[in-house]
Amino acid sequence: MLDKFAIAAALQETGTLLEIRGGNDYFKARAYKAGARAVAELATDIGDLVRQRRLTEIKGVGNALAAQIAELYTTGKSSFLEKLRQELPAGIIELSQVPGLNLKKIEKLNEALGVASVADLRAAAEAGEIRDLKGFGAKTEQRILESIDKFENRSERLLSLHARRLAERIIEYMQPARGLISIEPAGSLRRWKETVGTVRLVAAGEKPASLIQHFRRYPPIIQIEPDEEKNVCVARLPEGVKVEFIAVRPTDYVATFFRATGSKEHLRRLTRMAAGKGGGSSTMRKDLARIKSEADIYKAFGMQYVPPELREDEGELQAALKKKLPKDLITIEDIQGMVHCHTVYSDGRNTVAEMAHAAEALGMKYLTITDHSPTASYAGGLTVDRLKRQWDEIDETQEKVKIKLLKGTESDITQKGALDYPDRILEKFDVIVASIHARYKMDEDQMTRRIVSAMKQPVYKIWGHALGRLIQRRPPFACRVEEILDVIAESRAAIEINGDPHRLDMEPRWLREARKRKIKFVISTDAHSTRDMLNLKFGVGIARRGWVRRGEVLNTLTVDKFRNVVRPSANRRYAKGV
């Protein structure tokens, strides 16, 4: 019998092989990969689902996929996967990741030269064996060598969301490992960076070597990279994902966890500062060997504790030395209200009632419904008539829940900088989130004027997903950010810190600039479903990276204070004084 991780790995391999085979297998490949993710994240025992014939209850798993899962669980193999392996050349998954190699070329290389891995491919190219094959030649052989170099030095960066899910699966897989005492994510993931190049995990146990061996058996691993350090294992997962697993004895855990968290620049600066005090790197290593907590590390150098999110060598160590780091960085426990949420009235996937119950279950005291305005017709923007129907439904729902429901809008900022809806409607909302959803390619001058005009509007508004970025898909639009921040500092406005893992807007550097101007923030999830509300931690993470304090975030306030501050007709002096 296979566990869920081995089953997920087999489904992932099946999907990848179908993808490589091409033809009409595209949608089938996607189904297998989605099934792999769903199985890996299962909270229910996979064996129970198989025995009770309830596999189709897993999201995205139909009868055909359920049959494959059941076969894998009961027999330890999949006849369909075995058939695919026989049809396709050995090493096809690894070789297909080399740029420029397609299935046809890999088949020729395999048949003629027995190439079944990237190492085989390099050896054949360096020996000059590929150039003599029909359809290749000397130039192709050279390009293959260059592609291998790119492949071996590639850096696939994951969204923090995906990296965190992967880390959680590996941590779950490691739990039964004999002698495991603790395991936590480090590196960029712990520092809440927007993207992660290497998923780094640090584990502690009396026998680190056995933990390494347990990790090496993690089913999705397709390649183990050579590493001279005995306590480190670097592995590649499908799609080039890189995982670094570090295992140490409990006495070395804190120091190792600290170094693995980074950043490199932060650690270098700390070493230089230690050297300036007569310490140096050797003294620092001795100090690290004696510490019992990360706070002790900074204390040894006369500094405040520096939270992981701040460790980027952006002035945090100098501030820690002067005892001027914020002591009340925002935490997820500080948030009292869920702001910027969509329902089925526009492009959300859940009803008002469903969103209300979900927010209430998360311990929120209030929920702001902010569906799109009329200009966003592509997203089901609400006309005035539909808005009235929504308000009636909010009132009906309010009678059935304890959480306070606030009526809001995500108003489009038009091309000329106006807000959607007539003033008489805008003034009736509890909250206005003002966002740009179109004409992202305006030049810097035009976009700056557009946003400045919106921020000068007399109603109180929150600048939503401020610079419009979609991480790895769309860069921030061009505008003079500091000029806009200067206007906001003197206007009736605040800035949203958007917790959608694909946005995480604004960037930390701009949050710090906003803080200098004493601008207030809200931390939102931009939730389009009840599940999206769980992304609040990402908003808090990016806020902490921007050094944002509890008192600077408006939705840490009670519902009455929050509504008094953000309502469109809010008194500016009251809002500034919060």
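Predicted model: local features only at pLDDT ≥ 70, side-chain atom pairs only at ≥ 80, totals over all residues.
Modeller: In it, nine of the 10 residues of α24 are buried, so α24 is largely enclosed by the rest of the structure.

Colleague: Which residues of α24 are buried?

Modeller: L536, F538, G539, V540, G541, I542, A543, R544 and R545. Helix α24 covers residues 536-545.

Colleague: And what covers the buried residues of α24?

Modeller: The cover includes α10 (160-174) and α23. It also includes the strands β13 (493-498) and β14 (521-524).

Colleague: Take α23. At what angle do α23 and α24 pack?

Modeller: About 65 degrees, with the axes 8 Å apart. The crossing is right-handed.

Colleague: Which residues meet there?

Modeller: From α23, P508, L511 and R512. From α24, I542, A543 and R545. By class, that contact has four nonpolar, no polar and two charged residues.

Colleague: What about α22 with α23? What is the angle there?

Modeller: Helix α22 (residues 481-489) packs on α23 (residues 508-516) at about 35 degrees. Their axes are 10 Å apart. α22 passes α23 in a right-handed crossing.

Colleague: Which residues make the contact of α22 and α23?

Modeller: V481, E482 and L485 on the α22 side. W510, E513 and A514 on the α23 side. They divide into four nonpolar, no polar and two charged.

Colleague: Back to α24. What follows α24?

Modeller: W547 follows, and its phi is positive, near 65 degrees.

Colleague: Loops next. Where is I335 found?

Modeller: In the loop between α17 (316-321) and β8 (337-341).

Colleague: Is I335 buried or exposed?

Modeller: Buried, because its relative accessible area is 5% and the cut-off for buried is under 20%.

Colleague: What is I335 in contact with, leaving aside neighbours within four places in sequence?

Modeller: Two of its contacts, L536 and V540, are among the buried residues of α24. I335 is also in contact with I330, M364, I523, V553, N555 and T556. The C-alpha atoms of I335 and E552 are separated by 12 Å, and those residues are 217 apart along the chain.

Colleague: Switching to the sheet. What is the strand order in the open sheet of five strands?

Modeller: β2-β4-β7-β6-β5, with mixed pairing.

Colleague: Which are the edge strands?

Modeller: β2 (180-185) and β5 (223-225), each pairing on one side only. From one strand to the next, the twist averages 25 degrees.

Colleague: How many bridges join β6 to β7?

Modeller: Five. Strand β6 is residues 232-236, strand β7 is residues 242-248, and they run antiparallel. V234 has E244 in β7 as its bridge partner.

Colleague: Which helix lies across β2, β4 and β7?

Modeller: α13 (residues 253-261). It runs at about 175 degrees to β4 (198-205).

Colleague: One more residue. Where does R190 lie?

Modeller: In helix α11 (residues 187-190). R190 counts as buried, because its relative accessibility is 16%.

Colleague: What does the side chain of R190 make a polar contact with?

Modeller: The side chain of E294, at 2.7 Å.

Colleague: And what else does R190 touch, not counting residues up to four places away in sequence?

Modeller: Besides E294, R190 touches P185, F257, T261, Y305, P308 and R311. P185 belongs to edge strand β2 (180-185).

Key: Residues numbered from 1 in each chain as written. Heavy atoms only, no water. Axes fitted to C-alpha atoms, helices over the stretch in contact; angles between N-to-C directions. Helix = DSSP H or I, 4+ residues; strand = E, 2+ residues; numbered from the N terminus. Left-handed = near helix turned anticlockwise from the far one by under 90°. Contact = heavy atoms within 4.5 Å. Nonpolar A, V, L, I, M, F, W, Y, C, P; charged D, E, K, R; others polar. Pairing = 2+ DSSP bridges. Buried < 20%, exposed > 50% of the residue type's maximum accessible area, 1.4 Å probe, protein only. Polar contact = N/O pair within 3.5 Å; in protein donor to acceptor, adjacent residues only side chain to side chain.
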